[in-house]
Amino acid sequence: MGELLVIIGLVVVVVAIIGIVVKALRGRTDKSPGRRRDPLAADRPAHGFGPRNLGPGAIVAYGGVDYVVRGSITLRQGPYVWWEHLLEGGDGAQWFGVEEDEGRLELTWWTSRKGLGVTPQREVTVDGRVHREDESGDAGYTCEGTTGLPERGRMRYKDFRTRDGHSLLSFENWDDGGWEVSTGRPLTPGELTVYPAPPAPGDSGYTA
C-alpha cells in the first residue's frame with residue numbers, strides 16, 4: 001500500500017511539472033512578435049498616398065499651398081497601376097502623379113503646358129533643357145470626380161527626362177484627342193502632406 005501511494009505521488013508530481021512546462025511554452029509563444037511586413041509593400045499604400053486617402057476631396061499641402069483634389073484617374077497597363085490627381089489651387093493646372101515601381105513609391109508634380117509647340121521626338125528641348133525619351137506605352141483609364149475626361153477610355157503616353165532626372169516631360173494622348181504636354185519634377189514623400197479624402201459611399205475596401 002505504501003509503494004502505491006509513492007507511485008501515485010510521483011505521477012502527480014510529473015503531471016504538475018509537465019503542466020508548468022507547457023504553460024511556460026505557451027506564454028513564450030504568445031509573446032513572440034509576429035512577422036514584420038515591408039511598410040512600402042504595394043498592398044499597404046505608403047505614406048498615405050494610396051487610393052484610400054488620395055481621391056476627390058483630399059487636400060495636398062505642398063510649398064505652403066493647400067490643393068484640393070478635384071478628380072482622380074486610375075491607369076492600368078497590364079499588371080501596373082498608377083494614378084494622376086487633378087489639383088485646384090495655386091497657379092495653372094496641376095497634376096499629382098503616384099506610382100509604385102518595383103516596390104518604390106514615385107511621386108511627381110506635373111504642370112500642364114499649352115502652346116509649347118513641341119511634339120514627341122527622340123530629344124525634346126523645353127525650358128532650355130534637353131529631355132530624352134524614357135518610356136512609352138498605352139493604358140486603359142477610369143475616372144472619379146472632375147477630370148475633363150470620359151468615365152473610361154484609353155491613353156497613349158511618351159515620357160521624357162533630363163540626364164540628371166530633375167526635369168520631366170510627358171506627352172499624353174487621351175482617346176486619340178491629340179498630344180497634351182506637361183512638365184514635371186519628382187518629389188519625395190516628406191515634401192508634402194496629404195489630408196485624406198472622405199470615403200466614397202458604400203466604400204468597404206479598395207481593390208486595384
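Where is D127 placed?

1. In this predicted model, D127 lies in the loop that joins β6 (123-126) to β7 (129-145). The phi angle of D127 is near 55°, a positive value in a residue other than glycine. Most residues other than glycine have a negative phi. D127 is exposed, its relative accessible area being 57%.

2. P186 belongs to strand β10 (residues 179-187) and is partly exposed, at 40% relative accessible area. Neighbours within four places in sequence aside, P186 is in contact with L107, T108, G165, H166, L168 and E191. Between P186 and E106 the sequence separation is 80 residues, while their C-alpha atoms are 7.5 Å apart.

3. The largest nonpolar core has 19 residues, of which F49, L54, V60, F96, V98, W109 and L192 touch the most other members. Two or more residues each come from β1 (59-62), β2 (65-77), β3 (80-88), β4 (94-101), β5 (104-112) and β11 (192-195). Apart from this core lies another, of 13 residues, including W95, W110, M155 and W174.

4. L192 deserves a separate remark. Not counting residues up to four places away in sequence, L192 touches F49, V60, A61, Y62, F96, W109 and L187.

Definitions and conventions:
Residues are numbered from 1 along each chain as its sequence is written. This is a predicted model: local features need pLDDT of at least 70, side-chain atom pairs count only at pLDDT 80 or more; totals for chains, interfaces and linings use all residues. Side-chain values use heavy atoms; hydrogens and water are left out. Helices (H or I, at least four residues) and strands (E, at least two) are DSSP runs, numbered from the N terminus. Buried means under 20% relative accessible area, exposed over 50%, partly exposed in between (1.4 Å probe, protein chains only). Contact means heavy atoms within 4.5 Å. A nonpolar core is a set of buried Ala, Val, Leu, Ile, Met, Phe, Trp, Tyr and Cys residues joined through side-chain atoms within 4.5 Å.
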